[in-house]
Amino acid sequence: MDGLWLFKHGDLVLGPVSGAQLVEKLTSGELTLDTLVAPAGERDFHRMSEVDAFRVHVARAEARARVDAAVVVERAKSAKRLKILGGAAVVGVVVLGIVGIQLARNAAVHGWFGGGEVQTDDFEMGEITIRVAQARVDDEELFEYPGHGARRPGSGEPG
């Protein structure tokens with residue numbers, strides 16, 4: 001890993017950089033395990049994962065990539081779980097609201113514990129009489145207006 005190295009980025013040959021700088025770029029994600037590298041002055045480029053000087057660092061980068069992928073998967077699962085729990089909570093609140101409204105209606109009509117029932121003993125009903133309505137006598141006043149005497153509605157003058 002000591003010495004200067006060249007690396008390829010696409011068709012470009014970049015460098016020379018130190019081995020530590022290559023490891024830094026690998027760790028930050030700028031370079032991948034498949035990046036072609038060669039010691040300065042050589043023409044044969046090899047994948048970084050095949051160079052003995054970088055094997056330990058390549059293994060660390062692979063492990064970090066696996067951990068990062070697992071974290072992404074766990075975050076997605078967590079977000080999905082949170083959405084499901086949030087939806088269930090909303091449904092629960094709606095159901096509780098509907099139940100509360102029904103309980104309030106029932107309490108308003110029947111009392112809280114059913115004690116608001118009407119006792120039929122409290123009512124007496126007499127005989128019902130149905131008859132034809134009779135016409136009013138003309139001089140019958142419908143309203144008494146204070147201070148001006150009685151007036152017929154709509155006439156504007158006292159009775």
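Guide: Start with a definition: a residue is buried under 20% relative accessible area, exposed over 50% and partly exposed in between (1.4 Å probe, protein chains only). This is a predicted model, in which local features need pLDDT of at least 70 and side-chain atom pairs count only at pLDDT 80 or more, while totals for chains, interfaces and linings use all residues. Residues are numbered from 1 along each chain as its sequence is written, and side-chain values use heavy atoms, with hydrogens and water left out.

Visitor: Is Val99 buried, exposed or partly exposed, and which helix holds Val99?

Guide: Val99 is partly exposed, because its relative accessible area is 43%. Val99 lies in helix α2; helices (H or I, at least four residues) and strands (E, at least two) are DSSP runs, numbered from the N terminus.

Visitor: Which residues of α1 are buried?

Guide: An α-helix has 3.6 residues a turn, so residues three or four places apart point the same way. In α1, the buried residues are Gly19, Leu22, Val23 and Leu26. They are on the same side of α1 because they cover an arc of only 100° around the axis, the arc being that of the directions from the helix axis to the C-beta atoms. Glu24 and Ser28, on the other side of α1, are exposed.

Visitor: What do the buried residues of α1 pack against?

Guide: They pack against β1, β2 (12–18), β3 (36–39) and α2. Contact here means heavy atoms within 4.5 Å. After α1 comes Gly29, with a positive phi near 95°.
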